[in-house]
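Me: I would like to learn how to read an interface between protein chains. Could you take me through one, step by step?

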4 protein chains.
Amino acid sequence: MSGNTFGKLFTVTTFGESHGPALGAIVDGCPPGLPLSEMDLQQDLDRRRPGTSRHTTQRREPDRVRILSGVFEGVTTGTSIGLLIENTDQRSKDYSEIKDRFRPAHADYSYHHKYGIRDYRGGGRSSARETAMRVAAGAIAKQYLATQGITVRGYMSQLGPIAIDFKTWEAVDDNPFFCPDPEKVPALEAFMDRLRRDQDSVGARITVVAEGLPPGLGEPVFDRLDAELAHGLMSINAVKGVEIGAGFAAVAQRGSEHRDEMTPQGFLSNHAGGVLGGISSGQPLIAHLALKPTSSITVPGRSIDVHGNPVEIVTKGRHDPCVGIRATPIAEAMMALTLMDHLLRHRAQNAGVQVGTPVLR
Amino acid sequence: MSGNTFGKLFTVTTFGESHGPALGAIVDGCPPGLPLSEMDLQQDLDRRRPGTSRHTTQRREPDRVRILSGVFEGVTTGTSIGLLIENTDQRSKDYSEIKDRFRPAHADYSYHHKYGIRDYRGGGRSSARETAMRVAAGAIAKQYLATQGITVRGYMSQLGPIAIDFKTWEAVDDNPFFCPDPEKVPALEAFMDRLRRDQDSVGARITVVAEGLPPGLGEPVFDRLDAELAHGLMSINAVKGVEIGAGFAAVAQRGSEHRDEMTPQGFLSNHAGGVLGGISSGQPLIAHLALKPTSSITVPGRSIDVHGNPVEIVTKGRHDPCVGIRATPIAEAMMALTLMDHLLRHRAQNAGVQVGTPVLR
Amino acid sequence: MSGNTFGKLFTVTTFGESHGPALGAIVDGCPPGLPLSEMDLQQDLDRRRPGTSRHTTQRREPDRVRILSGVFEGVTTGTSIGLLIENTDQRSKDYSEIKDRFRPAHADYSYHHKYGIRDYRGGGRSSARETAMRVAAGAIAKQYLATQGITVRGYMSQLGPIAIDFKTWEAVDDNPFFCPDPEKVPALEAFMDRLRRDQDSVGARITVVAEGLPPGLGEPVFDRLDAELAHGLMSINAVKGVEIGAGFAAVAQRGSEHRDEMTPQGFLSNHAGGVLGGISSGQPLIAHLALKPTSSITVPGRSIDVHGNPVEIVTKGRHDPCVGIRATPIAEAMMALTLMDHLLRHRAQNAGVQVGTPVLR
Amino acid sequence: MSGNTFGKLFTVTTFGESHGPALGAIVDGCPPGLPLSEMDLQQDLDRRRPGTSRHTTQRREPDRVRILSGVFEGVTTGTSIGLLIENTDQRSKDYSEIKDRFRPAHADYSYHHKYGIRDYRGGGRSSARETAMRVAAGAIAKQYLATQGITVRGYMSQLGPIAIDFKTWEAVDDNPFFCPDPEKVPALEAFMDRLRRDQDSVGARITVVAEGLPPGLGEPVFDRLDAELAHGLMSINAVKGVEIGAGFAAVAQRGSEHRDEMTPQGFLSNHAGGVLGGISSGQPLIAHLALKPTSSITVPGRSIDVHGNPVEIVTKGRHDPCVGIRATPIAEAMMALTLMDHLLRHRAQNAGVQVGTPVLR
């Protein structure tokens, strides 16, 4: 299977460049009988959409998605689902001057060496614009998971140096940062305004949580739920780290502290982040991801051109000063896609398993 | 593809339980013409082997590997390679009392709900014993990568609260911790002795590095090199987090700081950890992983049995007080397997790419 | 991987229903640097296109294909290629009466039981209309194979009871049957006219041939070249049989007759059809496929409805009286896709193989 | 996934050469809770075993299979199942003289060009000896299918020029040919005795049938049940053709004849062979396969050596004069593996489909 497909049973295959005519995806393996409309997808796309606040890129894309197959009379048929979003606000002239230059921390250098050719306009395929199709496909997964009582939600847990504690889910969609603490929003805005003035960028930490999972999802020993989730999350542009549950904090923990003890009333903690031995435990599945600062900044930087000559780079154009700000819906999408795939894989092999209701929930 | 296979072109499929008769693997896709002997595999297996110091489990397994196919007159033939290790020191009687109980932080609870049945002896398939086959398969990958000038090495970068800076590769194999700083070894030993007295366990952080990589490995947008590497590393027992390059530190970095500038003499830093846009840049590939503390400890813990009744658990038997201590060769193996798979995938599509020598090395 | 993807490295994923808004495909894994335009695809699409002679369905579809990604300045970039064909002549009212009925020999009955729901308009996803995307994707494969000196061509070798011997490739595209013997065309036309009068349908046999193949393609023991080719060809609507080389005639052959002897000047025969041990031998790759008669006929037939009641079915609408007539470009496409996938797979593992030029060509 | 794995959810990966120390397989994805013993596998292995009559090779292999994992207390656990058969009667000295020569119709020539190296002893990996592991793995699939009321059986339907009509299943295992017509057995024996005198070989046609299938198995548009079955059957050594149902006879049929009409009492015929639109219809699944004559014969033949020089080849050693004679259990195994994989794939996506009992059975 080539690199533009995610999943094994519930698969998403995508195409599209930043400045090409359109982005598209094929979602295969969706169970039949699921009510689905373009509106269901649009909702999440609108959450990821650029140009909705002063803190993100000013490129204006309506990201209007069309469902071209696999849905009949408002319900999925089990056949492959074709999705399409036309690009409407690409401006190729902005990019011609970087045609022969490698922008630092961008994929220019590695694409050049991998393929020997690249669509340099807006980063081409390496642009985060492709994540629109992840969000659209993820919305289908979410829609199905919801019918099984499973929700997938995310929030920003750190912006640059500012750590953000989780307060309420309600707050998350009320600000442009997906910040779960309304009291932190002014600080975030002030920080971003200062950053824009400095013409610099910054990283972010996002947390995603799935609730309502049955125990049993995950396919050891290699396709553990956490391993596939790490794959999915790390495949998002700019992600440099993934943690499950306690993550790197587990390094300094003792076993007596880390282990989540159980009583008939339930688990007493969730350092595991909802995964034991690579299989969901029924506790909330919790992952954190680290996004690096946006590479496109107007602070001049040293680089080389395709001939090896030194050049100075200033990346103009319309860019997010923090790619992490719009990353929450994308991270949710990748978690939803991973869970959907594993739900189907688990059912395939274990259709006949009868262990009654989980011992704990 | 089911859960016991890793890779797409260079694939490793494994079987084996902690207390079954044997562990085995099939490595498929190995290029023909590679000199390979059982000795080449044994070397890495011996580095992972239990019972070699007082700081690891006292189970004594020679882990003697046999190559059953795919090698003819000392050279690989391109056909599938069968590997086998007999278990010799399993003692099933140690485990009968946990038959109906879920040990906290173990896979008992999740395996029970996934499959409705489990081989409870020593954790069965969920035991870290399966990683022996990863190391054996990884040694084949390393052997081939070496012919391409690529090395994969790892070390312990943190034990519990003790951070370890990288000093020299030479030191790594001179102590039971894979510690790259000889001066830190006494502190590690003291810490471990205290921990054993407390009958507790602790986590660790491992760092793995590949050098000599060509730019171009990785298959965007989903099968990026870093994403697949995260998959491989997170699939190792007890791993709770994976970082590439700067990892979570990138969250607080500014773009002007994080980006690795380039000059005709090379990159000026490596915060990216050797990956740009999901494709190797030719810089060293650097990953860090967090391992949780061993779950098997003799500090009593609360749990339940399969009927939902409360029980107190004390996990006796022969266990590693820090699973991270033997994890370095396993992490190396997973990185080597990932690279090998991507080397083949890259060649498949890009055999005709002629971009000359890399602009930078 | 779900059912709408073909190939492992050079993959084609398709979507689209007979009466939906559009058909689409994503081709992933195409080597970069290949000159490619919509015109290159259109050529083969026009050969498959309906409505071009009185012997095929009168549905008028221009089948105009758009390339939406993966091609930059006329050359492939190595990223996924999005393809789209809008449906323009669907007439859904023709089909409403078969909504609750199972047309004999159609997929109605099996889709109903698999998915519990089906888009009944024109057969929905089970319509041969989906093969347009196979042809479009196959044209990309052909384009690349041509750069390697490999050609894939097909012809009709039997129409109903009329066997057709191969005469010249030149004749094949000069008649609506892909008949390689110009002298047989009048007989075919007369046969088809009679068949239309009878309102019945008939089967056909198609032969596809690849020339210029290097020896070495195919991945034993399961993904042999012939096995994957059989997979690809049998996946075409209405195909009921596949032969490689001598095919079923080999049953009655003796070993001394079947084996293709070799001399320094070359093979003396090609009963093997170009495959030895599942790997291409460098001889022409030859496959034959049997297509069943079209299921949609106006001769009344007995069937049942979704409630199990007996009904009489007469399938009106616009149908091909012999689906085999337009099958040649589709069979070529599936052979080209199979070869392309295997060319890449072979290169991946055997990039370093140096056996000089083939001993025979 | 590399070439030595079959299936996507219920996967079989094999290794082993004709003259290596052992053959092995890993079966992954088996549902937990299935009673399984080595005896269950041995039964089918004994049916395929060489040396049981004068009509097959005189190599004596007990083919004693061991289950090394995945089964606990007589029941499958859902983890990967390791299988091993030691080779005991390999005699490498028989083969040294063909080291540098290409035996006509063998895989020698193509393996040489693919890999640049080959284990020439007994054909190495290309030997039909590998099919022992297919049979062992297939027996696991059969065991599970039986719990679902599905049986898979096969018989010889033609030996060289002698067509064999199906009479009774009872007869099939009562003679060394898997001949379903006891009255034909003497003719087969006489034919084979004559053939051995001529030191020549002959082809055979095998028919395999699955009964008790539910409607709904198969994953259009590429992974249709018939397409995957064709893949599986064509991957068996020496197979040159595969037919589903009417097969090539469908070419000359009219639509009014071929279509299987339905009444409330059931289908009136089964020209489709149990597959409609690539999905099982619930009728018996019927496939035929053509096996070429054994390539190893002592009638001298012209060939070349690895340097391109002409040589005369006489293949001594112990060979089956008709590989088709032992092919029935292998064909059954491949059909069982295909069905098992599709049963799981169907369940994965369609777990929630509620269409009641099939309209017809």
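Me: How many residues of chain A are in contact with residues of chain B?

Reply: First, some ground rules. This is a predicted model, where local features need pLDDT of at least 70, side-chain atom pairs count only at pLDDT 80 or more, and totals for chains, interfaces and linings use all residues. Residues are numbered from 1 along each chain as its sequence is written, chains are lettered from A and ligands numbered from 1 in the order in which they are written, and side-chain values use heavy atoms, leaving out hydrogens and water. Contact means heavy atoms within 4.5 Å. Here, 117 residues of chain A touch 117 residues of chain B in that sense.

Me: What area is buried between chain A and chain B?

Reply: Buried area is the accessible area (1.4 Å probe) that two parts lose on being put together, summed over both. For chain A and chain B that comes to about 9200 Å², with carbon and sulfur atoms giving 61%. Lys114(A), Phe222(A) and Lys240(A) supply 10% of the area that chain A buries against chain B, more than any other three residues.

Me: How many salt bridges does the rule find across the interface of chain A and chain B?

Reply: The rule asks for a side-chain nitrogen of Lys or Arg within 4 Å of a carboxyl oxygen of Asp or Glu. It finds 8 salt bridges between chain A and chain B. One of them joins Arg302(B) to Glu261(A), at 3.5 Å from N to O. On the side of chain A that touches chain B, helix H2 (residues 108-115) gives the most, with 7 residues; helices (H or I, at least four residues) and strands (E, at least two) are DSSP runs, numbered from the N terminus.

Me: Which strands of chain A and chain B pair?

Reply: Two strands pair if DSSP finds at least two bridges between them. Strand E11 (residues 239-244) of chain A runs antiparallel to strand E11 (residues 239-244) of chain B, over 3 bridges. Look for Val242(A), which stands opposite Val242(B).
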